[in-house]
Amino acid sequence: MKTNVVLTGATGFIGYHLAKKICAQYEVWCTIRSTSDVSLLEKLPCNMICVDDYDCLYEQMNRIQPELVIHLAGLFLSEHNRNSISEMLSSNISFPTILFDAAYQAGCRKFINTGSCWQNYDGEDYNPVNLYAATKQAVEDILTYYVSAKRAKCITLSIFDSYGPLDQRNKILNIVARMGQGEEIGMSGGEQKMYLCYIDDIVSAFERAIEIVEDISDGEMRKYAVRSDKPYTLKEIITTYLEVSKKDIQIHWGERPYRNREIMDPTGWGEVIPGWEPRYSLQEGLHLYCKENDS
């Protein structure tokens, strides 16, 4: 009988690829909303549970009896406003708190959480770039209660930058990839460094976390970074992409200002998850990115 795993965020970029990879090994239960696009998930041998009503999570977790919860869901907003703050707090704090509590009440003691390097502005242990990053820290603090007071165990993976096929996020690489030959775009100076990690490597890091969380002690909480071997500047990444794709896109570097609290150099931040290393170099990953997006 397969282990029951509850996965949030499976309709997102990383979550879908993770669900696709682990469905063969585990009985995966993906949380969705009634408004979610589940066209890709419907092709996978996974189960879907609607969580429009958070209170139903207690009934659902009691029915599923999960042994592991992997939390990837979240509403990302680089800047919030008075119209979006309630939705972000509900999605990023209320939902995971109720999920963790419902799973714990149903006997689950193993959690894998997803953090962000945006929680560590200027390389500090905690200095949120924006309110989104603050909500990610809040979830870690909430999980600390379940670990310390309730003897659960948890691993948080801090994600830096990811890319790969089927990525619909409004990331610079995706924006450039969608542009046609000869088009032009203005960007910042491009000197901000990024740890760009291909999606298959991100997924393998979660698989490694699943192994590790089995072995750590009850009441133990760990946090690891998921990042490539070395950071590249945005200018280096886009230049390499244009070389690999053979696209003629005119980039006007320095035309736009850097955003507020831009992370310029994350070099060396965080302990990389042990027993894992990225398989794909930047060039190899971009070759796959171009090939799979063109197919």
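Visitor: In which strand is Lys 110 found?

Guide: Lys 110 is found in strand S5, which covers residues 110–116; helices (H or I, at least four residues) and strands (E, at least two) are DSSP runs, numbered from the N terminus. Before we go on, please note that this is a predicted model, in which local features need pLDDT of at least 70 and side-chain atom pairs count only at pLDDT 80 or more, while totals for chains, interfaces and linings use all residues. Residues are numbered from 1 along each chain as its sequence is written, and side-chain values use heavy atoms, with hydrogens and water left out.

Visitor: Is Lys 110 buried or exposed?

Guide: The general idea is that buried means under 20% relative accessible area, exposed over 50%, and partly exposed in between, using a 1.4 Å probe and protein chains only. With a relative accessible area of 11%, Lys 110 is buried.

Visitor: With which side chain does the side chain of Lys 110 make a polar contact?

Guide: A polar contact is a pair of N or O atoms within 3.5 Å; within protein, one must be able to donate a hydrogen and the other to accept it, and residues adjacent in sequence count only if both atoms are side-chain atoms. Here the partner of the Lys 110 side chain is the side chain of Glu 214, at 2.7 Å.

Visitor: Where is the place of Gln 137, and is Gln 137 buried or exposed?

Guide: Gln 137 has its place in helix H4, residues 131–148, and at 12% relative accessibility Gln 137 counts as buried. The side chains of Gln 137 and Gln 119 are joined by a polar contact of 2.9 Å. Leaving aside neighbours within four places in sequence, Gln 137 is in contact with Gln 119 and Tyr 126.

Visitor: Which residues of helix H2 are buried?

Guide: An α-helix has 3.6 residues a turn, so residues three or four places apart point the same way. In helix H2 (residues 56–64), the buried residues are Cys 56, Leu 57, Gln 60, Met 61 and Ile 64. Seen down the axis of H2, these buried residues fall within an arc of 130°, so they line one face of the helix; the arc is that of the directions from the helix axis to the C-beta atoms. On the other side of H2, Glu 59, Asn 62 and Arg 63 are exposed.

Visitor: What covers the buried residues of H2?

Guide: The cover includes strand S1 (4–8), strand S2 (27–32), strand S3 (47–50) and helix H3 (85–105). Once neighbours within four places in sequence are left aside, Leu 57 is in contact with Val 51, Phe 95, Ile 98, Leu 99 and Ala 102.

Visitor: At what angle do H2 and H3 pack?

Guide: Axes are lines fitted to C-alpha atoms, for helices over the stretch in contact, and angles run from 0 to 180 degrees between N-to-C directions. H2 and H3 pack at an angle of about 40°, with their axes 8 Å apart. The contact is made by Leu 57, Tyr 58 and Met 61 of H2, together with Phe 95, Ile 98, Leu 99, Asp 101, Ala 102, Ala 103 and Gln 105 of H3.

Visitor: Which residue, just after H2, takes a positive phi?

Guide: Most residues other than glycine have a negative phi, and most peptide bonds are trans. Just after H2, Gln 65 takes a positive phi of about 55°. Leu 166, which is not a glycine, has a positive phi of about 65°; Leu 166 lies in the loop between strand S7 (161–163) and helix H5 (172–177) and, at 45% relative accessibility, counts as partly exposed. Arg 261 also has a positive phi, near 60°, and is found in the loop between S13 and H8, where Arg 261 is partly exposed with a relative accessible area of 27%.

Visitor: Where is Arg 259 found?

Guide: Arg 259 is found in the loop between strand S13 (250–252) and helix H8 (282–294), and at 47% relative accessibility Arg 259 counts as partly exposed. The C-alpha atoms of Arg 259 and Val 272, which are 13 residues apart along the chain, are separated by 27 Å.

Notes:
Contact means heavy atoms within 4.5 Å.
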